[in-house]
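Open the model in your viewer and keep the sequence panel beside it.

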Amino acid sequence: MSEKYTRETVLSVRRWSPTLFSFVMTRPAHFRFDAGQFARIGIEVPGAAPIVRAYSVVSSPFAEELEFFSIVVADGAFTSKLQFLKAGDQLLLERIPYGYLTLARYQEPLPQDLWLLATGTGLAPFLSILQDFTVWQSYRHIVLAYSVRTLEELAYVTEINALPELFRDEGGAIFQFLPIVTRDSTYPLHERLPVLIASGRLEEAAGVALSLESSHVMLCGNPQMVDDTRNALKARGLTMNRRGVGNIAVENYW
């Protein structure tokens, strides 16, 4: 095994639906990361280089273990094997984290309203951010909009709903969780995120306005959602975050 990686042990696996699962593994003492970053995880292949993929960390930066959220791709070289994980299995972990989907990238505008917009497993970095006490101290409003296709794909709902009480003493942020189910027209919010932004329905549901002067907006999920939602936000006058200035930040490890 290359010195680039450590070998870590899977501690538990949780299956949310036939195509979604989470797994927890050991965290080496040297592995430090900022909330919102991702790790590179590998599967060893006898006689060949390991198969490695990027996964955003679900865990708090202060957690003793590392948790990840994965989708099963039926013919994927990585997840077709990863889906059969069980406690006691071993995975490779690259020694350093990656990524810039962190609160540190925002310098202007000053932190007031934080929008976390996710589809599917793109929820992962936002769960990490929401378990960092600094976010609750820094913002007045926090909105998590989490879009899935079907109700059974809504993962971590219990954990999300417990966050405001868990971090109640850390600051005065008002938290709003907006689940979206796009294939159920009876669900309160069932349109795609860019449609909800363009119509104003997302802001109406949140009770918070998207604003050039006050909003920090993070996007993570499938590439089509990221592109379409970014365009919808830009059409509303928001700008991409570059060199610390601007509203919109995206993760491009997909």
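Which residues of helix 7 are buried? Keep in mind that this is a predicted model. Select helix 7, residues 223-235. Now colour Met225, Val226, Thr229, Arg230, Ala232 and Leu233: these are the buried ones. Look down the axis. They fall on the same side of helix 7, because they cover an arc of only 165 degrees around the axis.

**Along helix 7**

Stay with the helix and check its length. Helix 7 has 13 residues. From its first C-alpha to its last it reaches 18 Å, close to the 18 Å expected at 1.5 Å a residue.

What do the buried residues of helix 7 pack against? Display strand 7, helix 5 (193-199), strand 10 and strand 11 (248-250); they pack against these elements.

**Strand 7**

Select residues 113-119, which make up strand 7. How many of its residues are buried? Seven of the seven are, so count this strand as mostly covered.

In a regular strand, side chains alternate between the two faces of the sheet. Colour the two faces separately here. Asp113, Trp115, Leu117 and Thr119 are on one side of strand 7, and Leu114, Leu116 and Ala118 are on the other. Both faces are covered.

Strand 8 (residues 141-148) pairs with strand 7 in the parallel sense, over seven bridges. Pick Thr119 to find one of the pairs: its bridge partner in strand 8 is Ser147. Strand 10 (residues 215-220) also runs parallel to strand 7, joined to it by six bridges. Here, pick Leu116, which stands opposite Met218 in strand 10.

**Ala35**

For the last stop, select Ala35. You will find it in the loop between strand 2 (20-26) and strand 3 (38-45). Is Ala35 buried or exposed? Its relative accessible area is 8%, so Ala35 is buried.

Show what surrounds Ala35. Beyond its neighbours within four places in sequence, Ala35 is in contact with Pro61, Leu101, Thr102, Ser128, Ile129 and Asp132. Finally, draw a C-alpha to C-alpha distance from Ala35 to Ser56. The two are 21 residues apart in sequence and 9.2 Å apart in space.

Key
Residues are numbered from 1 along each chain as its sequence is written. This is a predicted model: local features need pLDDT of at least 70, side-chain atom pairs count only at pLDDT 80 or more; totals for chains, interfaces and linings use all residues. Side-chain values use heavy atoms; hydrogens and water are left out. Helices (H or I, at least four residues) and strands (E, at least two) are DSSP runs, numbered from the N terminus. Buried means under 20% relative accessible area, exposed over 50%, partly exposed in between (1.4 Å probe, protein chains only). Contact means heavy atoms within 4.5 Å. Two strands pair if DSSP finds at least two bridges between them. The expected span of a helix is 1.5 Å times one less than its number of residues. The arc is that of the directions from the helix axis to the C-beta atoms.
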